[in-house]
Protein chains: 2
Amino acid sequence: MAGNDYVTAFAPASIGNVAVGYDMLGLAISGAGDRVSARRVPSKGVSIAEVRGLDGNIHAILSNDSAENTASVAAAALWEAAGQSGGLELIVRKGVPLQSGMGSSSASAVAGVVAANALLDAPLDIEALLPFALQGEQVASAGMHADNVAPSLLGGLVLCPPALLPRMIRLPTPAGLSSVLLHPELLVNTAESRKKLARGYSMEQWLTQQGYLAGFMAGIATNDIELIRECLQDVIIEPQRISAVPCFQAVKDAALQAGALGSSLSGSGPSLFALCASGIAAKVAIAMEQACRGCGYECQSWVSSLAAEGAHMENAA
Amino acid sequence: MAGNDYVTAFAPASIGNVAVGYDMLGLAISGAGDRVSARRVPSKGVSIAEVRGLDGNIHAILSNDSAENTASVAAAALWEAAGQSGGLELIVRKGVPLQSGMGSSSASAVAGVVAANALLDAPLDIEALLPFALQGEQVASAGMHADNVAPSLLGGLVLCPPALLPRMIRLPTPAGLSSVLLHPELLVNTAESRKKLARGYSMEQWLTQQGYLAGFMAGIATNDIELIRECLQDVIIEPQRISAVPCFQAVKDAALQAGALGSSLSGSGPSLFALCASGIAAKVAIAMEQACRGCGYECQSWVSSLAAEGAHMENAA
């Protein structure tokens, strides 16, 4: 492990908030994620050799400044906490579009910390990596919220309320349900989006929203699909964000029309997600794509089981 | 059933809010409740023949004005909705102290509606009685909240968010846990107490509280006692109400010191509850009573399984 060979970790993209659980509920997806390769080097510190895009070319936007990249910041936090000698050199391969609402910064942070962990003299359990991944995530996103990092790390549907961190709770995922994630080619900056949210809310607002969250929790615990459908709503955050996503209403309507249980923004958008019965997921994805293109935005979609796999090691590249 | 004989229903007292779920979580208790006996009469309408206290005497405070009593209002709502001919005469026997935070008005409403239901030509399922019991409850308590009516009706621990009414969800109740309910001899008017609550809350406040609620839901679904302990907190409502209950801090501290997982007001107080391992429930109850008497208030306590029985018919008195 301590030789010149790179180890490579994959961490999936994820759906933040999942409508009902702002800053505390996240869902991993399949088919999109970041890869970070790491190798030990004699010199102290964590550096990035290169950042590449999906096409294999050097990334058009992200530099290899290790102080700015969530992968290197997360990896360095772990490496230093473990008191390792020497340092790390990373290669980051971005599979998650930037500013997409798909947890791009978290996927890099998680892949970085999981790769670094594999090179520790005494690797930690994956749950113990959360605080380090969050340190990486903070470079990109204001506030200490784990709703992308936690599902990217553990997979599936994860509850991670800020007040309980670093505790995170892998929730049961009803069989027969899938997620559809649609990414329209638009940019939304999460940190900026968060600053625009109202700070104060009425008792009626918070009781309504926490009622939906509690009902959703009961629904997934008992596989009560109608209860999940009734509760999969965001009455507080979504209305404040949709003006930044012109195709929002058309895509959401299309998802519901196609039979989805619910649909909302993924994180701060512009991506939208829907939950639906697995048998109609392909149909829902097509409907969402058509609606998005009808609004004039090119797009891409991913269909995943609710139990999508979390971060894991891959063979070295 | 349609003769002159009274049928009698019992409905238990209950713990409202259960710390984490203001207006949406309630827990039935054992050993305290109201009884309503009903018989058909030829004349239209629902009247109350008498209201008696635990001692068997005519109740010192409650009159037999059927427009003011939650039992008769609830029973009349059901009776009229069912289009029954004739009317009902009720006898109300109060086992739950008034203005105690133990769901006194709800216990009467539920017992009233369950007794009336037994005399319908076509009785409804017990879940269908909620809207009628709530109509009774509204006579006594401002706002449409079901966190006492729902557990009194169904028993056990019930989730009943205002946004999902009339849906209510009986939650799993971890084996090996008990509730302790302590009633200090103090009065708190629920409707007045509700009016004093702040209307606005910061995002941090509601995210913290809904995080505890979601964590509590996960904890009871998986029997994770440490998670229940961590989450059984009310950071929003409790601080606004404890000034009305001078013994609050001493009794709560005593419960926690004796090993309870958590303790808070029951409803708007003055009663307090604690959840704890069943093996130490008697010890927790004694510690709470001693602390309460140390503050100069006489008191009474009840220990119940979390799966305490809901409303049910009894033999006619």
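The following questions and answers concern a predicted model with chains A and B.

Q: What makes the two chains copies related as by a two-fold rotation axis?
A: Chain B is superposed on chain A by a rotation of 180° with 0.0 Å of shift along the axis, and the RMSD is 0.0 Å. The two copies are therefore related as by a two-fold rotation axis.

Q: Why is strand β7 of chain A called largely enclosed by the rest of the structure?
A: A residue is buried if 20 or more other C-beta atoms lie within 10 Å of its own. Eight of the eight residues of β7(A), residues 177–184, are buried, so the strand is largely enclosed.

Q: What makes both faces of β7(A) covered?
A: In a regular strand the side chains alternate between the two faces of the sheet. On one side of β7(A), A:Leu177, A:Ser179, A:Leu181 and A:His183 are buried; on the other, A:Ser178, A:Val180, A:Leu182 and A:Pro184 are buried as well.

Q: How do you know that β7(A) pairs with strand β10 and with strand β11 of chain A?
A: Two strands pair if at least two bridges are found between them. Six bridges join β7(A) to β10(A), residues 272–277, in an antiparallel arrangement. Seven bridges join β7(A) to β11(A), residues 299–305, also antiparallel. Both pairings therefore meet the cut-off of at least two bridges. A:Val180 stands opposite A:Ala274 in β10(A) and opposite A:Val303 in β11(A).

Q: Which residues have the most contacts inside the largest nonpolar core?
A: They are A:Ala75, A:Met288, B:Ala75 and B:Met288, in a core of 223 residues. Leaving aside residues up to four places away in sequence, A:Met288 touches A:Val180 and A:Leu182, as well as A:Val251, A:Ala254, A:Ala255, A:Leu272, A:Ala274 and A:Ser301.

Q: What makes up the contact between domain 1 and domain 2 of chain A?
A: The domain assignment places 7–171 + 308–314 in domain 1 and 177–305 in domain 2. Their C-alpha centres lie 24 Å apart. The contact takes 25 residues from domain 1 of chain A and 33 residues from domain 2 of chain A. On the domain 1 side, β1 (7–16) and β2 (25–41) of chain A each supply at least two residues, and β2(A) gives the most, with five residues. The residues of this side of domain 1 divide into 13 nonpolar, twelve polar and no charged.

Note on methods
Residues numbered from 1 in each chain as written. Chains lettered and ligands numbered in written order. Predicted model: local features only at pLDDT ≥ 70, side-chain atom pairs only at ≥ 80, totals over all residues. Least-squares fit on C-alpha atoms with pLDDT ≥ 70 in both. Buried ≥ 20, exposed ≤ 12 C-beta atoms within 10 Å, placed from the backbone. Helix = DSSP H or I, 4+ residues; strand = E, 2+ residues; numbered from the N terminus. Core = buried A, V, L, I, M, F, W, Y, C linked by C-beta atoms within 7 Å. Contact = placed C-beta atoms within 7 Å. Domains from an automatic or database assignment. Nonpolar A, V, L, I, M, F, W, Y, C, P; charged D, E, K, R; others polar.
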